[in-house]
Amino acid sequence: LGPTYWLPLYALVRGRGSGPPDAEDLTQEFFRRFLERNALARVQPAAGRFRSFLLACLKHFLAHERERARAQRRGGGRAPLPLDAGEAETRDQIEPADLRTPEALYERRWALAVLERTLKELRREHASDRRRRHLEELEGFLPGGRPGLSRAELADRRGVSVGTINVAIHRLRRRFGVLLREQVARTVSSEAEVEEELRHLITVLGS
């Protein structure tokens, strides 16, 4: 739960006007209460998209917190969850926040987090030295990947044709798509919602 949704939830809290320290405290406290109350156990298969469920929970939590005294120190002296607020703040600074509502920023961070988890699983499958090098050379051609060498440059480096590189990219993208679908399927309640959620992810990333 934490690694995937920390950045999206933090981004929404920041987008609603909280400074970095307060946003970190609020996000930490939300996760703590969410886990302490075992809210995940109450998520029924028919409840729909977990992304939307979690967003609704956070909005309810923030509305409740606004009613409490703002001067009260959150956290109760307990150790914080091992989440990287520094990384969240860095990403928040480079996001064009003036063009996005907090909810839209949450959606975008969610989409990027899903891509990152998918890529992590793909890297796990390519753990051997040879396969890892193969993946590293082709990662730039995957959704969310950073541009690297061109197809022609890769072909020249490997001593193969561009067509061979195209086939390798196609196969890697196909496997990435399978893993991405598995990631999304874990957060919805039906096969139809998987398709809807994938389309939504593509729309969010393209906006």
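Visitor: Before we start, what does contact mean here?
Guide: Contact means heavy atoms within 4.5 Å. Note also that this is a predicted model.

Visitor: OK. Which residues is Glu197 in contact with, leaving aside neighbours within four places in sequence?
Guide: Arg49, Arg51, Trp110, Val184 and Val188.

Visitor: Where does Glu197 lie?
Guide: In helix α9.

Visitor: Is Glu197 buried or exposed?
Guide: Buried. Its relative accessible area is 0%, and the cut-off for buried is under 20%.

Visitor: Switching to Phe30. Which helix?
Guide: Helix α2, which covers residues 20–36.

Visitor: And is Phe30 buried or exposed?
Guide: Phe30 counts as buried because its relative accessible area is 4%, and buried means under 20%.

Visitor: What is Phe30 in contact with, beyond four places in sequence?
Guide: Five names to look for: Leu9, Leu54, Cys57, Leu58 and Phe61.

Visitor: How far is Phe30 from Glu65, C-alpha to C-alpha?
Guide: 10.0 Å in space. In sequence, Phe30 and Glu65 are 35 residues apart.

Visitor: Now the largest nonpolar core. Which residues touch the most other members?
Guide: Tyr5, Leu9, Phe30, Leu54, Leu58 and Leu122. That core has 44 residues.

Visitor: Which elements give two or more residues to this core?
Guide: They are α1 (2–15), α2, α3 (50–66), α5 (102–125), α6 (129–138), α7 (151–158), α8 (162–185) and α9 (191–206).

Visitor: Which one gives the most?
Guide: Helix α8, with 8 residues.

How values were computed:
Residues numbered from 1 in each chain as written. Predicted model: local features only at pLDDT ≥ 70, side-chain atom pairs only at ≥ 80, totals over all residues. Heavy atoms only, no water. Helix = DSSP H or I, 4+ residues; strand = E, 2+ residues; numbered from the N terminus. Buried < 20%, exposed > 50% of the residue type's maximum accessible area, 1.4 Å probe, protein only. Core = buried A, V, L, I, M, F, W, Y, C linked by side-chain atoms within 4.5 Å.
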